[in-house]
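Dear colleague,

Please find the structure below, handed over for your study.

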Amino acid sequence: MNQKPYFLILIFSLMMFVAHGQQNRLNNIETILKALDKDVPGLKEKVELSVNGVSIQEFIRGLAAAHNLNVSIDPAINVSIINNFSNATVSDVLMFLCRQYDLEITFIGNIMSFTKYVAPPKEPEKAEIKKLKISYADKTDFLSLDLKRDSLYAVAMEITRLSLKNVVLAPDLENKMVSCFIQNRPFKDALEKMAFANDLVITPTQDNFFLIEKKKDETAQGGKSGSAAKGLQKEGQNQNIQIKLSKDERITVQGTNVAITDVIQGVSAELVKNYFLFSEPKGNTTLYIENADYDEFLSYLLNGSDFTFKKDSNIYLIGERKLERLRSTEVLSLQNRTVEKIIEAIPAELKKDIDLKEFPELNSLILSGSHPKIEELKKFVRQIDRVVPVVMIDVIVVDYKKSHTINAGISAGLGKAPKEVGGTISPGVDFTLSTESVNDLINNFNGFGFLNLGKVTPNFYLSLQALETNGILKTRSTPRLATINGHEASLSIGETQYYLEIANN
């Protein structure tokens, strides 16, 4: 049963409770200060004060002297103040000090006594009682046990309560922890199998009592429990290894010149892990592994050797890396770059003992080898499988010519034939008037005062011009360049023409 979520919830609840109590304390101080400001006007006065490295005793005494307050300060408070207060009331400054430096104010009339706030003692936590997974069928006398690091005393008490058959422990077994899984077996058989799995002995009596005792060989070793006594059966090895198990199923192992097989046996028995050795690891090791789970323990122990492990259901398979059941084959897909030439970028040490093949259709690599080596290679490939920035360059090629021309004026004359009316008015004015148009214009002006003009000849014409021309630029080409960041890019603009060569002899 995992206790971590409950522990985190408990810690969070305590933090919320402490924060709530702290806020209530500050609210009470603020309420009393507001009630006092009627009798103590200095609490409502404004403060203009800047200090640096002043003790809190000197600061509060100076504040009290300036605003006629009665204060007492605990000399044991060791706080230096570095603050700048502007346009703040004395009450606000006092509230800030209480909140910032965990101060408590005790009010005696209009006298304020400042002391360090001491949180009330916490109520003792109630230990959570773990519910044991034990069931007993009275009709069939079948017993089921699902135990994992449970107290033998609690297990015996629960079995006695369910079956009404007395299970009695030897005096030195009250703190013994047991683990086993037994489903629907006769009562006596289930107890014997539980005892066998935990190096214990069951002795039934005629008066329906079942006595649980230690095995004789374990008692002879001084009552030593755990896998240091269970898993290590070779003489001379018990003194070279120490195994400790924490409540959260993490192991601490220390050993000097211990056979690798003995270490695996001892830790597996302590953690109640099922394992199968395809081939027995050779040699001895010296190790100190602290606060590790079973997978981490095996990784550290077998790292750098020809052996590895693989978890299949609840069984750990241990053997040489090249064995069939311990090999892995995976497809590693690349996300941000092509698979071409990726194998060339992988260091030779990472490719050792791994079969690598490109699979361009899926932009992937096919990896085959031991699981730890594959994981190490995958970690490296993910580091280089990143997005490469692409730089885009826009180029504009133009012909630039700056010119400014103005053509304005009136021209008139006689032509060979009558001119036709026409031209442009906008933009710019370039318009020609015919003889009839000029005569019509003259007729419109005649009659104003003494003005009287004659008509023009049939071949007369009149042209009006008001033109302005600005020459700026002409776009020739707008090429676009794209290149990977850190690489050169080149642009070539030109024209290729072919000519015919003829040779005559």
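**Cysteines and disulfides**

The count of disulfides, a disulfide being a pair of cysteine sulfur atoms within 2.5 Å, comes to zero. In general, a disulfide is a covalent bond between the sulfur atoms of two cysteines. C98 counts as buried (under 20% relative accessible area; exposed is over 50%, partly exposed in between, with a 1.4 Å probe and protein chains only) because its relative accessibility is 0%. C180 is likewise buried, because its value is 11%.

This is a predicted model: local features need pLDDT of at least 70, side-chain atom pairs count only at pLDDT 80 or more, and totals for chains, interfaces and linings use all residues. Residues are numbered from 1 along each chain as its sequence is written, and side-chain values use heavy atoms, leaving out hydrogens and water.

**The sheet and its helices**

Helices (H or I, at least four residues) and strands (E, at least two) are DSSP runs, numbered from the N terminus. Three strands form an open sheet in the order β2-β5-β4, with mixed pairing; two strands pair if DSSP finds at least two bridges between them. Its edge strands are β2 (70-73) and β4 (103-108). Four bridges join β2 and β5 (residues 111-116) in the parallel sense, and V71 has M112 as its bridge partner in β5.

Helix α2 (residues 56-67) packs on this sheet, touching β2, β4 and β5, where contact means heavy atoms within 4.5 Å. In α3, the buried residues include V90, L94 and C98. After α3 comes D102, with a positive phi near 50°.

With kind regards

Note on methods
Axes are lines fitted to C-alpha atoms, for helices over the stretch in contact, and angles run from 0 to 180 degrees between N-to-C directions.
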